[in-house]
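The sequence and structure come first.

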Amino acid sequence: MTNCRNSAKLWAMVREFSAGGVVVRQADEGWTIAVIEPQKEPTTGTSGAKSKAPKTLCALPKGIVDPGEKPEQTAVREVREETGVEGAVVVKLADIKYVYVRTWSDKERVFKIVSFYLLRYVGGRIDDVTVEMRIEVKRALWLPLAVAEKKLSYSNERKMIRLARQYLETHPEF
């Protein structure tokens, strides 16, 4: 009975669909990927105690699928908007699914699916983003693929890095 009740709650939730990209390029030091450091509101402590400097948050570029847009188009658009680089879709890596609460507005629980794609870098300059996008993105940077998995903040996104690495290892013609 519990499984049916949980399933019913899941179906009653608001749903969101997003897409993002793992953009790779070959550099002198090997494969690199484009990541973002999202803007975060500064946290204020209530105690006078000295606190550690906040850890830098690194994430993959992603965003909501617009009406009439296919997820792979969203991935390309979001990569361009959030990092400044252009990528071409190579393959879908996987979907990640999770539930979150909209803390900034209606406190609604949301079931979210994010489709991630492997993209080949085709041009553009990293961190060349609009002033309007700076509300969301503090900076964009290239990270060596070999260390990216350790630098990303979210476990599901680290899984996308592993999948991208596996694809590159099994497709030497890439």
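Trp142 is buried (under 20% relative accessible area, with a 1.4 Å probe and protein chains only), at a relative accessible area of 16%. The model is predicted: local features need pLDDT of at least 70, side-chain atom pairs count only at pLDDT 80 or more, and totals for chains, interfaces and linings use all residues. Residues are numbered from 1 along each chain as its sequence is written, and side-chain values use heavy atoms, with hydrogens and water left out.

**Aromatic pairs**

- The structure holds five aromatic pairs, where rings of Phe, Tyr and Trp (its six-membered ring) pair if their centres lie within 6.5 Å, and planes under 30 degrees apart count as stacked, over 60 as edge-to-face and the rest as tilted.
- One of them joins Tyr121 and Trp142, whose ring centres are 5.4 Å apart with planes at 90 degrees, so the pair is edge-to-face.
- Tyr121 belongs to strand E5 and Trp142 to strand E6 (residues 137-144), so this pair ties together parts 21 residues apart in sequence; helices (H or I, at least four residues) and strands (E, at least two) are DSSP runs, numbered from the N terminus.
- Tyr121 is partly exposed, with a relative accessible area of 26%; partly exposed lies between buried and exposed, the latter being over 50%.
- For Tyr167 and Phe174 the ring centres are 6.1 Å apart and the planes stand at 85 degrees, so this pair is edge-to-face.

**Helix H4**

- Helix H4 (residues 155-170) has 16 residues and reaches 23 Å from its first C-alpha to its last, close to the expected 22 Å (1.5 Å times one less than its number of residues).
- Its buried residues are Glu157, Met160, Ile161, Ala164, Tyr167 and Leu168.
- Seen down the axis of H4, the buried residues fall within an arc of 125 degrees, so they line one face of the helix; the arc is taken from the directions from the helix axis to the C-beta atoms.
- Glu169 and Thr170, on the other side of H4, are exposed.
- The cover over the buried residues of H4 includes strands E1 (14-27) and E4 (85-101) and helix H3 (145-151).

**Glu82**

- Glu82 lies in helix H2 (residues 71-83).
- Glu82 is buried yet has no salt bridge (a side-chain nitrogen of Lys or Arg within 4 Å of a carboxyl oxygen of Asp or Glu).
- The nearest side chain of opposite charge to Glu82 is Lys62, 6.4 Å away.
- Leaving aside neighbours within four places in sequence, the contacts of Glu82 (heavy atoms within 4.5 Å) include Ile36, Lys62, Val129 and Glu136.

Notes
Lys, Arg positive; Asp, Glu negative; His and termini not counted.
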